[in-house]
Amino acid sequence: MRYDVVVVGCGPSGASALRRCAELGLRSLGVEKYKLPRPKPCAGILYPRVLEDFQVPREAVLSTLQGIRLIAPSGKQAFIKLDPPGAIVDRQVFDYLLVQEAVKVGAELVEEARVRKVEVRGTSYQVYVEGLGVVEAKFLVAADGVYSTIARSLNLPWRKEDLALTMQTYVRVSEEARRSVEGIFEVYYDPSKILGGWIWVAGRARDVLVGIGSSLNYLNHPLKLKQRLTSFLKHRFKEPKVLKEEAYMLPFKGPRKDSQLVKGKTIFVGDAGGFVRSDTGEGVYYAMHSGLAAAEAIYDYLAQGGSLKDLYVKKLDERGMLQLYGLTEVHEALLSVEEAEAFIDRVRKLGGA
Ligand SMILES: Cc1cc2nc3c(=O)[nH]c(=O)nc-3n(C[C@H](O)[C@H](O)[C@H](O)COP(=O)(O)OP(=O)(O)OC[C@H]3O[C@@H](n4cnc5c(N)ncnc54)[C@H](O)[C@@H]3O)c2cc1C
């Protein structure tokens, strides 16, 4: 089997890359290790910019996102009302519908097929897929998330400081408490309690998500994160009932450097490329845009030659993705109580209540 492009991983970045490759007439295969639809640890917060740039299927929307509340260590708050509103989605449904769009426009897809490793053979790649065998590809899109097999296979592992550990719980609270946060995304900063970390609460139609993240640089033991989350839950809600818990890594330092975004004819997108906002943990918007940028860079490379890396960086720039390299303000707020207070003050002055 020989393809122009093999897209490894079919989350939002892979599904977007796959769809665009197929639309551009490239023979493309998406390889996903799980059976779809598959769950993904995520709060499902989509800011209005996602709804502006992409079609968000109604079936995936659990609640309308009305506003963001940022809370300083002192309890001081900044509220940002979203007008137009955003959405809180069920990632399992959202991601599945995205990949279906790719299939509709002609992309091929294999599920329950884990890519084990890739090897360069002449001018193409040999992709070793469990249960399928070896697939040949001229180009690879590494959309296989934060634990990227492709990155490890091509010797591009993360450094410790690039990552944050997150834990998230799905919680049933009293109806009164749930209503008080429905459609609101709260973010709590308090470096005195968890250095380098932050807590979030997402109020959904049936339950509440409560999560915590912390840079691996400052985390001595994962248990500390769990203890902080449990203590927060007890104080924030009366008698919370934890329905489900999950832990997952998050790229936290912005996208990989130019030299690691493209290796040979492999392009890194989404979490595998580090396309996550390091001030909020938001990644879906950046995953989708980086996936589209990768597909368009491959198409332009085939049409006009040049440097694949330069073409990708140009496409990312056109989509406003390069701003992710400069978002460091909140890192300081995660490390000092004074900085956290000053940050919330600045947001209040910018128009929050
Ligand atoms: C706790 C938590 C909360 C978050 N909340 C938000 C939020 O509210 N809003 C937001 O915008 N972002 C949020 N994010 C970030 C967001 O989830 C990611 O940025 C986004 O999922 C990245 O999409 P992706 O397609 O790059 O990767 P993923 O969604 O991780 O998809 C990667 C896919 O690759 C597949 N795969 C992996 N390895 C292989 C392999 N070897 N072979 C084949 N397939 C493979 C996986 O099964 C998966 O389907 C959150 C992240 C975490 C951890």
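Analyst: In this predicted model, a polar side-chain atom of glutamate 32 lies 2.6 Å from an oxygen atom of the ligand. In threonine 149, an N or O atom of the side chain is 3.0 Å from a nitrogen atom of the ligand. Glycine 283 instead uses its backbone, where an N or O atom lies 3.0 Å from a nitrogen atom of the ligand. The ligand taken alone exposes 1000 Å², and 96% of that area is buried by the protein.

Several elements each give two or more residues to the shell around the ligand: helix H1 (12-23), strand E10 (163-172), strand E14 (241-251), helix H8 (270-273) and helix H9 (284-304). Of these, E14 gives the most, with three residues. The ligand is surrounded by 39 residues in total, and the closest are Ser13, Glu32, Arg38, Ile45 and Asp271. By residue type, the shell divides into 19 nonpolar, eleven polar and nine charged residues.

Turning to the backbone, there is a cis peptide bond between leucine 36 and proline 37, with omega at about -5°. Proline 37 belongs to the loop between strand E2 (28-31) and strand E3 (45-46). Another cis bond runs from aspartate 83 to proline 84, with omega near 5°; proline 84 sits in strand E5 (residues 77-89).

Glutamate 112 has a phi of about 50° and is placed in the loop between strand E6 (108-110) and strand E7 (115-121). Its relative accessibility is 53%, so glutamate 112 counts as exposed. For asparagine 155, phi is about 60°. That residue lies in the loop between helix H4 (149-153) and E10, and asparagine 155 is exposed, at a relative accessible area of 60%.

On the surface, Leu195, Tyr218 and Leu335 make up a nonpolar patch with about 240 Å² of accessible area together. Leucine 335 is located in the loop between helix H11 (329-333) and helix H12 (337-349).

Terms used
Residues numbered from 1 in each chain as written. Predicted model: local features only at pLDDT ≥ 70, side-chain atom pairs only at ≥ 80, totals over all residues. Heavy atoms only, no water. Patch = residues over 30% accessible without salt bridge, like charges linked within 9 Å, V, L, I, M, F, W, Y side chains within 5 Å. Areas by Shrake-Rupley, 256 points an atom, 1.4 Å probe, with all protein chains shown as cover. Salt bridge = Lys/Arg side-chain N within 4 Å of Asp/Glu carboxyl O. Helix = DSSP H or I, 4+ residues; strand = E, 2+ residues; numbered from the N terminus. Near = heavy atom within 4 Å. Polar contact = N/O pair within 3.5 Å; in protein donor to acceptor, adjacent residues only side chain to side chain. Nonpolar A, V, L, I, M, F, W, Y, C, P; charged D, E, K, R; others polar. Buried < 20%, exposed > 50% of the residue type's maximum accessible area, 1.4 Å probe, protein only.
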